[in-house]
Amino acid sequence: MPVNSKIFTYELEGLSYTVTVYEDPLTGGFVADIDVLEGSMDVNAIYYGDDDFSGDSESLNGPLNMNGARLDGENVQWDEAVRLSDPGLGPDADEKETYLNEGDTLRIELDITSLDEIDVFGVRATSTSTADGSIKAVSDDPEEPEEPEEPTFDKIGFGIDIGANGGIENGVFVPAEALPEGQEATFENYVAYYDSQFGEDPDYNITQVESVIFFEITQGTDADGNTLDIPQEIFRIDAPEGGFESSQDLLDAYDDAIANGALEGMTSGDEAMDLMAALSLDSTYDDPGVEGSHMEEDELEFM
């Protein structure tokens with residue numbers, strides 16, 4: 001179901017459907033998807049409005065009116081009424097755009113600029129699979145799906161050069177603590193921070209990144225029994241041939257990876273990655289790093 005939407009439900013013996021109202025990401029306009037879950041109906045008109053029932057009510061004449069429709073025993077004041085078709089199926093019922101069987105969807109463009117304009121949704125339908133053969137249906141109290149929380153990460157490595165063992169030979173590790181105060185450790189914030197530090201650097205900007213590696217931090221001990229934070233790879237995104245063209249290009253690649261299940265149990269057990277993690281924490285390791293002003297960024301770690 002679309003995020004930032006309102007889902008109205010209507011159930012009657014022999015007929016049930018949902019109406020999902022949301023912003024179309026392709027056009028930027030608002031639409032309503034009517035999905036028939038059980039039964040069938042010919043949707044001849046729709047009505048909608050907010051929860052303020054003051055003022056005149058919109059209505060359609062003749063058989064498309066909603067006269068007598070009630071919500072909790074009260075008349076509904078409609079802000080909009082939209083005619084879709086005349087009643088009657090004729091010999092070509094299955095070809096009529098507004099006639100819906102179970103599993104069918106009808107998409108309707110809405111003349112609104114915000115979801116706040118719709119709190120009540122009405123459907124005037126005939127040739128229905130209900131006992132009366134028609135409905136003047138009113139639905140309110142829509143479900144409003146919450147936007148899912150963005151994943152957060154303990155540490156991300158931006159690899160400029162990747163070694164034969166899969167580790168970062170030249171690049172920058174950004175721990176969550178390096179992000180600006182108050183920012184969550186989402187990938188978008190990591191990319192924004194990295195871009196703010198290296199966006200103007202021809203050797204380290206996003207277009208030079210060969211691979212981005214996502215880490216979680218686990219606890220371990222060294223040979224002397226000291227507690228260490230050990231990064232473990234969760235997954236990685238490799239740049240396409242020719243590299244990432246921009247930060248947005250990298251963010252799009254991340255969205256594709258998440259959509260394809262990158263976070264579903266993808267923890268590396270690779271010995272090479274364990275070695276890389278150990279080297280990044282070993283104070284005696286001779287860090288090849290990078291020269292110049294980058295080494296002054298003590299929040300960052302370089303390989």
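Select F153, F187, F214, F235 and Y254: ring pairs link them into a cluster. Rings of Phe, Tyr and Trp (its six-membered ring) pair if their centres lie within 6.5 Å. This is a predicted model, where local features need pLDDT of at least 70, side-chain atom pairs count only at pLDDT 80 or more, and totals for chains, interfaces and linings use all residues. Residues are numbered from 1 along each chain as its sequence is written, and side-chain values use heavy atoms, with hydrogens and water left out.

The structure holds 15 aromatic pairs. Keep F214 and Y254 on screen: their rings are stacked, 5.9 Å centre to centre with 25° between the planes. Stacked means planes under 30 degrees apart; over 60 is edge-to-face and the rest are tilted. F214 sits in strand β14 (residues 211–221) and Y254 in helix α2 (residues 247–259), so the pair ties together parts 40 residues apart in sequence. Helices (H or I, at least four residues) and strands (E, at least two) are DSSP runs, numbered from the N terminus.

Buried or exposed? F214 is buried at 0% relative accessibility, and Y254 is buried at 4%. Buried means under 20% relative accessible area, exposed over 50%, partly exposed in between (1.4 Å probe, protein chains only).

Stay on β14 and pick T218. T218 is partly exposed, at 29%.

Now go to D111, in the loop between β9 (105–110) and β10 (120–126). D111 is exposed, with a relative accessible area of 62%.
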